[in-house]
Amino acid sequence: MADDTGVAAEPEKQPRSVRVVLFALMVAMMLAMLDNMIVGTAMPTIVGELGGLEHLSWVVTAYTLATAASTPIWGKLGDMYGRKGAFMTSIVIFLIGSALSGMAQDMGQLIGFRAIQGLGAGGLMVGVMAIIGDLIPPRERGKYQGMMAGVMALAMIAGPLVGGTITDHWGWRWSFYINLPLGVVALIAISVVLHLPKKRVEGRIDYLGAGLLTIGITAIVLVTTWGGSEYAWGSARIMELIAIGVVALVGFVFVQTKAAAPVVPLHIFRSRNFTLMSIIGFITGFVMFGATLFLPLYQQSVQGASATNSGLLLLPMLAAMLVTSMVAGRVTTNTGRYKVFPVAGSVLMAAGLFLLSQMDTDTTRFTSGLYMAVLGAGMGCLMQITMLVAQNSVEMKDMGVASSTTTLARTLGSSFGVAIMGALFNQRVQDVMSERAGAIGSKVTEQSAQLDAASLAKLPAAAREAYQFAVSSGTHSAFLLGAIVAVVSLVAAVFVKEVPLKGAGGPKAAEGDVAGDAAGAPRAVAEAV
């Protein structure tokens, strides 16, 4: 139905164009999620050719640092100068970093080029979420949750398999070059089909705030990356980083109260729902990445599973996450109600983690699969709902910073989850190995509490049994901590206020909403396709 401006005169073309845009956005999302998983599989080959084993961790750390630090900046740039331009720029930077990483001649170059790649990656996920926020009213956005959850599940399953296949048949450089054709497809589709309204907000970028936030995030990520591995948690270096991070973030908050165009406008935290979604997102990241780290380790070390198909080991969790995410999206779209999902998701997440903490050396794969499915169902209720409610809690002009802040909360949560659960796991494994295998056990885990299949096979039978018991004890401690942390998510979810979703005109309003007629969606969105 056309309005008086004739904006929505072609209803048949609209959905097809939206699907093309969404396809391009999902490709970009896949790029962001696949990269570390593909590259992780190729790391042994990379070290074999380039050397620099002592700097190996920086290949991942440089990427993670650049991604986390640039995430809020990309959100603000999209709000100020237009999402399409910011998003396409982030794709270009990511592709440049990918091409340069593939051409790296030594480990130093690779680390530097990975940082460039990470700068671009920081804008990929934020750009996807913010553009969807511009195009699709919150009430209708639930329809697309399954699509986003599917991309996430596919990346986690296929990443290690694709990475291993590419490295074995084409060489490790193609683990970076593979991004180029996918990125070009996304660029062309976005350039041709997406026509968001031009915008330019008066005011200069808050460079001081951006700098302080970058320093603060960098310090936090380095603490969680180095603590317990490169440096002891109580070492002077870690204490210095904590102090730098605290001072930088306090300074950042102060600067934001004075800046004309703050990087993260503090008024968005006046919305109770937005603040609660940031907390729940942080905890979801904490739990999810901790689980994806320790579950394959447990299954390989204790249950004897093959490391080759490590992504497939997580299938029960990912399948449950996909199904519940799709159900949550459909129910939200049809009813406009959503509070039940953060509450139910937090309960299931805490229950799943508690069940996983009960695994021991006799737990069967079927039983652990059921426990993983409970955890996956909980995360499926939370993964996209947190972003949906966060975006629904702010004005359209703050859509970018809302998306980037929620994404950053999840990223920082994952860093803390891996660090804290990892420290607890490592300490428990080393203690149990000392208790059950004496000096041999201490020597086995002296360098690392996480042994690969080859190292495990070389151990004497008694030491191998002790290590399997130690791993089950370590995962017990890590998952029990995760269950306790998940209770905080439940408390936060209980206080969520069910504010009506914008564009809540029911299923019949869907086409009109996407065309830009929904409440809260700008008229110019109709021109986005």
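The legends below describe close-up views of one predicted model.

Local features were taken at pLDDT of at least 70 and side-chain atom pairs at pLDDT 80 or more, while totals for chains, interfaces and linings use all residues. Residues are numbered from 1 along each chain as its sequence is written, and side-chain values use heavy atoms, without hydrogens and water.

**View 1. Overall content of the chain.** The chain has 19 helices and zero strands; both are DSSP runs numbered from the N terminus, helices being H or I of at least four residues and strands E of at least two. Of the 529 residues, 55% are buried. Buried stands for under 20% relative accessible area, exposed for over 50% and partly exposed for the range in between, with a 1.4 Å probe and protein chains only. Contact stands for heavy atoms within 4.5 Å. Among contacts between residues at least 6 apart in sequence, 83% join residues at least 24 apart.

**View 2. The largest nonpolar core, around Leu25 and Met29.** A nonpolar core is a set of buried Ala, Val, Leu, Ile, Met, Phe, Trp, Tyr and Cys residues joined through side-chain atoms within 4.5 Å. The largest one has 121 residues, and Leu25 and Met29 have the most contacts inside it. Helix α1 (residues 13-50) gives the largest share of this core, 15 residues. Another core, of 14 residues, lies apart from the largest one and includes Val39, Val59, Leu110 and Trp172.

**View 3. Threonine 45 in helix α1.** Threonine 45 is located in helix α1. Its relative accessible area is 38%, so threonine 45 is partly exposed. Leaving out residues up to four places away in sequence, threonine 45 touches Thr167 and Trp172. The C-alpha atoms of threonine 45 and aspartate 168 are separated by 9.2 Å, with the two residues 123 apart along the chain.

**View 4. Packing of helices α11 and α14.** Helix α11 (residues 272-301) packs with helix α14 (residues 365-382) at about 160 degrees, and their axes are 11 Å apart. Axes are lines fitted to C-alpha atoms, for helices over the stretch in contact, and angles run from 0 to 180 degrees between N-to-C directions. The two helices are therefore roughly antiparallel; angles over 145 degrees count as such, under 35 as roughly parallel, 65 to 115 as roughly perpendicular and the rest as oblique. The crossing of α11 past α14 is left-handed, a term for a near helix turned anticlockwise from the far one by less than a right angle. On the α11 side the contact is made by Ile280, Thr284, Val287, Met288, Ala291, Leu295 and Gln299, and on the α14 side by Ser368, Met372, Leu375, Met379 and Leu382. By class these are nine nonpolar, three polar and no charged residues. Ala, Val, Leu, Ile, Met, Phe, Trp, Tyr, Cys and Pro count as nonpolar, Asp, Glu, Lys and Arg as charged, and the others, Gly among them, as polar.

**View 5. Helix α15 against helix α11.** In helix α15 (residues 385-392), eight of eight residues are buried. The axes of α11 and α15 come within 8 Å and cross at roughly 160 degrees, and the pair is therefore roughly antiparallel. Here too α11 makes a left-handed crossing, past α15. The contact involves Asn273, Phe274, Met277, Ile280 and Gly281 of α11 with Ile385, Thr386, Val389 and Ala390 of α15. Six of these residues are nonpolar, three polar and none charged.

**View 6. Asparagine 273 in helix α11.** Asparagine 273 belongs to helix α11 and is buried, with a relative accessible area of 5%. Not counting residues up to four places away in sequence, asparagine 273 touches Tyr338, Val389, Ser393, Val496, Lys497 and Val499.

**View 7. Packing of helices α13 and α18.** The axes of helix α13 (residues 340-357) and helix α18 (residues 461-494) come within 8 Å and cross at roughly 165 degrees. The pair is therefore roughly antiparallel, and its crossing is left-handed. Contact residues include Pro342, Val343 and Ser346 of α13, and His476, Phe479 and Leu480 of α18. The contact has 15 nonpolar, five polar and no charged residues.
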